[in-house]
Amino acid sequence: MNTYVYGYGPEGKERLIVVDLGVTFPDMDGSPGVDLIMADLAWLEQNADRVEAIFITHAHEDHIGALAHYWPKLRKPIYARKFTGRIGQLKLEEAGISGDEITIVEPRPHTIEVGPFKVQFVPVSHSIPESSGLVIDTPAGRVVHTGDFKLDGNPVVGEAFNPELWHEIANEGEGVKVLTCDSTNIFSPQPGRSEATLVGPLTELIRQQEGMIVATTFASNVARLKTLAEAGKAAGRHICLLGRAMRRMVSAAEETGVLTGFPGVVSPEDAVDLPRNKMMLIVTGSQGERRAASAALSRGKYLGLQMKEGDSFLFSSKTIPGNERGVIRIMNAFSEMGVEVIDDHGGLYHVSGHANRPDIEAVHDLLKPQIVIPMHGEHRHLREHMKLAQSKGLASEVATNGTMLDLSGEWPKVVEYIETGRTYLDGSVLIGSMDGVVRDRIRMALNGHVLITVIIDEDDQPLGEAWVELMGLPEVGKRGLPVADQIEDELSEFLERAPDKILSNDDKMDDAIRRIARQVTMEEVGKKPEVTVVVSRLMPA
């Protein structure tokens with residue numbers, strides 16, 4: 001979840017800075033009902049008195065999404081550039097925290113001095129405006145933390161990657177000690193392509209469509225939103241933005257001056273009355289999110305707008321691994337409507353925001369670091385990046401979650417492993433992934449639930465029969481009889497013969513009743529459900 005910590009000082013007393021506080025998103029298989037997943041910051045909270053500041057490299061959710069949830073636990077100064085800071089302020093304000101906690105800073109040569117660290121924000125190109133790498137100077141040497149980046153000389157919106165600027169950084173003082181570098185596209189063998197290459201193909205595609213065209217991409221990819229909108233305008237279409245996140249990103253980009261010249265848009269209310277062959281919708285939900293505009297349109301109407309046979313739907317995005325099922329569900333729903341679904345189509349309609357392998361190598365060559373620490377990717381990406389660095393004679397090490405590295409020598413050295421995990425935002429409450437809440441939810445989802453109520457009188461004898469309710473289980477078992485009735489029958493027999501030492505003890509009653517319920521359901525429906533036992537005892541008058 002992109003939460004990095006750099007420290008300098010005596011062992012155990014290092015002063016710390018935090019780089020990014022990101023989130024990832026749940027899935028129904030492993031974390032049903034969870035809203036967001038973020039890193040477990042227990043170690044950082046325990047050492048909050050040693051933290052100097054928080055630096056946010058850019059405004060993607062996997063780098064800024066946990067800011068409002070964790071700032072109250074750390075309460076340290078936050079530094080970000082203008083657009084990133086504005087998104088951060090909105091998040092803090094939604095959580096009832098003053099946006100003034102974020103200090104807006106200018107890029108290099110402006111320097112933020114906190115404790116033993118001197119930090120500069122350096123512009124890089126990425127799929128969101130004002131992304132930055134960090135130059136972190138310490139008494140032990142210079143660290144370059146790339147953040148997410150690509151080599152794009154014409155990113156449409158935002159700043160281009162400037163090799164001359166990075167050449168200066170590489171040659172100042174003693175050079176770069178450590179390069180902590182994006183690894184996302186390490187397996188992509190061709191050089192990355194510029195955002196500007198998409199305008200022509202997208203304009204031609206939109207011109208060819210006879211009905212309404214709808215396009216989806218990441219809401220944060222302001223450059224792509226502008227590219228799509230300009231292509232739609234060039235093809236004679238009115239543009240309508242659908243999705244709160246998308247409208248907020250465009251508004252923040254315009255407000256902070258990073259986005260100019262965005263074509264005029266029409267409201268959803270006006271779009272309903274315009275000719276379909278003159279409309280282009282740009283919508284949220286490129287990753288199959290169930291509550292986003294794309295999914296809503298695939299289920300029927302959204303804000304009065306509806307897809308029809310002869311319309312087209314474009315995915316101007318790459319499906320993140322793990323999201324395939326949701327995306328395919330939407331594609332099939334549109335196909336059933338007679339809507340033409342168009343995907344990335346070999347790169348014509350989407351380019352990645354991350355550096356490919358040749359670009360990563362170029363950055364190695366440009367910065368000439370002594371040590372390379374791969375970041376941002378799955379373990380296989382980190383390992384491949386390490387092998388690439390080592391093949392060029394650079395010291396390198398894979399740092400998995402919780403790994404503490406000593407970077408002061410000639411080779412990175414693992415010195416400690418911090419216990420790490422995941423924290424879930426479950427509704428409005430933060431819970432630990434190992435607290436048992438989601439585990440019990442999964443068990444109920446897989447095996448169902450049985451609620452059993454038993455009344456015991458003043459003499460510790462059963463009063464009436466047990467009452468059984470089923471949830472998430474078939475009502476009728478394999479013998480053709482109601483499962484609840486069978487459990488009740490078995491419990492009645494047990495209560496009639498149970499000795500006083502069990503009837504008078506709630507724990508023993510709970511264990512025995514739970515065992516009987518699971519045995520019956522296992523025999524009848526092949527499930528061992530979660531069982532809740534309620535023993536109500538009447539008090540003597």
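Mentor: Let's start with a pair of helices: α12 and α13 are oblique to each other (under 35 degrees is roughly parallel, over 145 roughly antiparallel, 65 to 115 roughly perpendicular, the rest oblique). Keep in mind that this is a predicted model, where local features need pLDDT of at least 70 and side-chain atom pairs 80 or more, while totals for chains, interfaces and linings use all residues. Residues are numbered from 1 along each chain as its sequence is written, and side-chain values use heavy atoms, without hydrogens or water.

Trainee: At roughly what angle do the axes of α12 and α13 cross?

Mentor: Roughly 45 degrees, with the axes of α12 (residues 357-367) and α13 (residues 379-391) coming within 11 Å. Axes are lines fitted to C-alpha atoms, for helices over the stretch in contact, with angles from 0 to 180 degrees between N-to-C directions; helices are DSSP runs of H or I, at least four residues, and strands runs of E, at least two, numbered from the N terminus. In α12, R357, I360, E361 and H364 make the contact, with E384, H385, L388 and A389 in α13 (heavy atoms within 4.5 Å).

Trainee: Which angle do α3 and α4 pack at?

Mentor: About 75 degrees for α3 (residues 67-74) and α4 (residues 82-94), whose axes are 9 Å apart. That makes α3 roughly perpendicular to α4. On the α3 side, L67, A68 and W71 meet G88, K91 and L92 of α4.

Trainee: How many cavities of 30 Å³ or more does the structure hold?

Mentor: Rolling a probe the size of a water molecule over the atoms shows where empty space is left. Here there are three such cavities (sets of points on a 1 Å grid over the protein atoms alone where a 1.4 Å probe fits but cannot get out; lining residues have an atom within 4 Å of a point).

Trainee: Which residues does the cis peptide bond join?

Mentor: R108 and P109, with omega about 20 degrees. P109 sits in the loop between β7 (102-104) and β8 (112-114). Also look at R75, not a glycine, yet with a positive phi of about 50 degrees; R75 is in the loop between α3 and β6 (78-80).

Note on methods:
1 Å grid on protein atoms, 1.4 Å probe; cavity = no way out; pocket = protein on both sides within 12 Å on 5 of 7 lines; lining within 4 Å. Points joined across faces, edges and corners; volume = space filled by probe spheres on them.
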